[in-house]
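Hello,

Here is the structure for your files. Please look it over before reading my notes.

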Amino acid sequence: MKTNFKVDTQHLEENGYILIKNVFTSEEIEQMRSSVADNLAKQKIENKVKYIQDRECMETELLSMNGLSDVILDDRILYIAQSILKEKLVYYGDSCVSIGHSLGAWHKDNRQKDRWNHSGFDWQEKYTVIRIGIYLQDHLNYSGGLGIRLGSHRPCKWILFLEKFRPKKVFEYFRSLVYKYYGKPIIVGSEPGDVVVWYLTTTHAGHSIRFKPFPKLRMPRWFEKYAPKSWHVPEQKRREVLFMTFGINDDHMKRYVDHLKTKPSTQEIWKRLSISEEIVERARSKNVDLLFPEEYLSSKMRQKVSLIR
Ligand SMILES: O=C(O)CCC(=O)C(=O)O
């Protein structure tokens, strides 16, 4: 596919994330914002929106949403994911629209068991589950951007070293300190039209605050919490982000889907899955495998997609 952007996989390997500039036009971003508003209004009427602090959550994945299903199967998104993962892409319904502030704490999203256990399976072979974020507003000049800890997608030698020590309690205390400070923190300066990609093993935080005296620095959480609000660079507009993950048909993906099965919100998304025949066909023609755990799907959906049994 001919594109006007480059997928710098080397940057991803070294740093755990990439920012790809100018993938979508400003008209397309405005269209996405308008589709988000339409879906939110519809789901509010149906009483399906959940509120977490001042964040509005639609528990529906993107392929089931009018106007937003096109984004996942957009050639540019698939080209980006394919350039990184190199094999047939698998989509298992792990996507959402995030509206409003997300929590700003540092965390990883790979399976719970291995997040901070760097001897676990997720750290053994090249990790192959990526998250793509399309931030629909300016985070280069405004607050609210993604925080990333550079290089935190690689096993940490300190954590591996500390794992040799017992008793466990002492080890766990030091390990928790290492987690917080492992990898230099940055704010990803995405602008509307850009796409951000990171591994689920990369330590990240939503909603970084830029401060007027030093807007380029990602400040520690305690500073974000307690520094005067008058120092904050404001947000440009209501924060809206489209998130989606892709994997390939391998053990990392299967282990991640097993982890998703433990989350009631994802179970709910799978139960509500409503992908049209036309979209299933489009995914097939673009060589994307729609693969879902059988036990959560309606009998109608079971007929349409591939099943994890
Ligand atoms: O809201 C963001 O920018 C990041 C979201 C996040 O933390 C996540 O996807 O786990």
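Below is what was found, starting with the conventions.

This is a predicted model, in which local features need pLDDT of at least 70 and side-chain atom pairs count only at pLDDT 80 or more, while totals for chains, interfaces and linings use all residues. Residues are numbered from 1 along each chain as its sequence is written.

The chain holds 11 helices and 13 strands (DSSP runs, numbered from the N terminus: H or I of at least four residues for helices, E of at least two for strands). Its radius of gyration is 19 Å, close to the 19 Å that the globule rule gives for 309 residues, so the chain is as compact as a globular protein of that length (taken over C-alpha atoms; the rule is 2.2 Å times the number of residues to the power 0.38).

Seven strands form an open sheet in the order E1-E9-E6-E11-E5-E3-E2, with antiparallel pairing (two strands pair if DSSP finds at least two bridges between them). At the edges are E1 (17-20) and E2 (49-52), each pairing on one side only. Within the sheet, E6 (residues 130-135) and E11 (residues 240-246) pair in the antiparallel sense over 6 bridges, and Ile-130 stands opposite Phe-246 in E11.

Two helices pack on this sheet. Helix H2 (residues 26-45) touches E2, E3 (55-58), E5 (95-99) and E11, and its direction makes about 80° with that of E3. Helix H4 (residues 75-85) touches E1, E6, E9 (195-199) and E11, at about 150° to the direction of E6. Contact requires C-beta atoms, placed from the backbone, within 7 Å; axes are lines fitted to C-alpha atoms, for helices over the stretch in contact, with angles from 0 to 180 degrees between N-to-C directions.

Regards
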